[in-house]
Amino acid sequence: MALRVSTKARDAAEAQERIDVTVAKIAERLGQFMYAQDDIPIEAAVIRLLRNSMRTLSSAESCSGGLLAEAITSIPGSSSEFKGGVVTYTNEMKHRLLGIPLAQLEGEGAPGAISESTASMMAERVRELTGTDFGLSITGVAGPAECEGKPVGLVYVGLAQQGRPTEVYTLQLSGNREVIRLRAIKAAFYRLWQRLRESVEPTATAL
């Protein structure tokens, strides 16, 4: 969600002063959600923080079908930070390209492709394969029907980082297929933005 701040004043200098005070108050209360003060998408803010910290990213996608990679490569110059990704839409590709055991993906008692553990493996394997600092993964049910007995809108986002334990975020998203896919990648970018924000100076997070 975007917020627009406006005011009335005698001149431009007074107006800017009032706006600066208001923006500072918003940042104080909502800083953990405020990824930029200029009109840019969150993927651009992620690229900016990756660039500032000289770190790199790769992705492994299932239900989002490459939408995350498409969004981030739409940012000019992102090739310095985004090294690439894979779309492992089927269990066969998750096994062949990422080396995830078939016993993890299918069969009686298997966690399945749509699971916390598979999202974790996807993020870790793509990070290792590409040699990046971060690996992002998305696996879930975009609809219109259930899959593996799991409901439409259930999505797992994996975030792997060199030197830190991998974290997986469970989402229950609403909307049609395309809305769920879009919300999934935005949630993935937001989680990465949060992680990056932890390790940069406060002045960088507000940009």
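Buried here means under 20% relative accessible area, exposed means over 50%, and partly exposed is in between, using a 1.4 Å probe and protein chains only. Before going on, a word on the source: this is a predicted model, where local features need pLDDT of at least 70, side-chain atom pairs count only at pLDDT 80 or more, and totals for chains, interfaces and linings use all residues. Residues are numbered from 1 along each chain as its sequence is written, and side-chain values use heavy atoms, with hydrogens and water left out.

Back to Glu43, then. Glu43 sits in helix 2. Helices (H or I, at least four residues) and strands (E, at least two) are DSSP runs, numbered from the N terminus. What does Glu43 touch, not counting residues up to four places away in sequence? The partners are Ala71, Ile75, Lys186 and Phe189, where contact means heavy atoms within 4.5 Å. Please look at Phe189 in particular: Glu43 and Phe189 are 146 residues apart in sequence, yet their C-alpha atoms are 6.2 Å apart in space.

Now let's zoom out to the chain. The protein chain has eight helices and five strands, and along the sequence they come in the pattern α-α-β-α-β-α-α-α-β-β-β-α-α. Of its 207 residues, 45% are buried. If we take contacts with a separation of 6 or more, 60% of them join residues 24 or more positions apart. The chain exposes about 11100 Å², and carbon and sulfur atoms supply 52% of that; these areas come from the Shrake-Rupley method with a 1.4 Å probe, and for residues only the protein chains shown count as cover.

What about the inside? In soluble globular proteins, nonpolar side chains tend to be buried together. By a nonpolar core I mean a set of buried Ala, Val, Leu, Ile, Met, Phe, Trp, Tyr and Cys residues joined through side-chain atoms within 4.5 Å. The largest such core in this model has 37 residues, and those with the most contacts inside it are Leu57, Leu136, Ile138, Val155, Val157, Phe189 and Leu192. The elements giving two or more residues to this core are helix 2 (42-53), helix 3 (67-73), strand 3, strand 4 (154-161), strand 5 (164-172) and helix 7 (177-198). Helix 7 gives the most, with ten residues. Apart from this core lies another one, of seven residues, including Ala60, Leu98, Ala113 and Val126.

Leu98 takes us to helix 4, residues 91-98, whose buried residues are Asn91, Lys94 and Leu98. Seen down the axis of helix 4, the buried residues fall within an arc of 80°, so they line one face of the helix; the arc is that of the directions from the helix axis to the C-beta atoms. Which elements cover that face? The cover for the buried residues of helix 4 includes strand 1 (57-61), strand 2 (82-87), helix 5 (102-105), helix 6 (116-130) and strand 3 (134-140).

On strand 3 we find Thr139. Is Thr139 buried or exposed? Thr139 is buried, because its relative accessibility is 1%. A polar atom of the Thr139 side chain lies 2.9 Å from the backbone oxygen of Ala113. Leaving aside neighbours within four places in sequence, the contacts of Thr139 include Cys63, Lys94, Ala113 and Met122.

Let me finish with the cysteines. How many disulfides are there? A disulfide is a pair of cysteine sulfur atoms within 2.5 Å, and by this rule the count is zero. The sulfur of Cys63 is 9.9 Å from the closest cysteine sulfur, in Cys147, which is too far for a bond. Cys63 is buried, at 5% relative accessibility, whereas Cys147 is partly exposed, with a relative accessible area of 37%. Cys147 is in the loop between strand 3 and strand 4. Beyond residues up to four places away in sequence, Cys147 touches Ile114 and Val141.

That's my tour, and I'm happy to take questions.

Terms used. A polar contact is a pair of N or O atoms within 3.5 Å; within protein, one must be able to donate a hydrogen and the other to accept it, and residues adjacent in sequence count only if both atoms are side-chain atoms.
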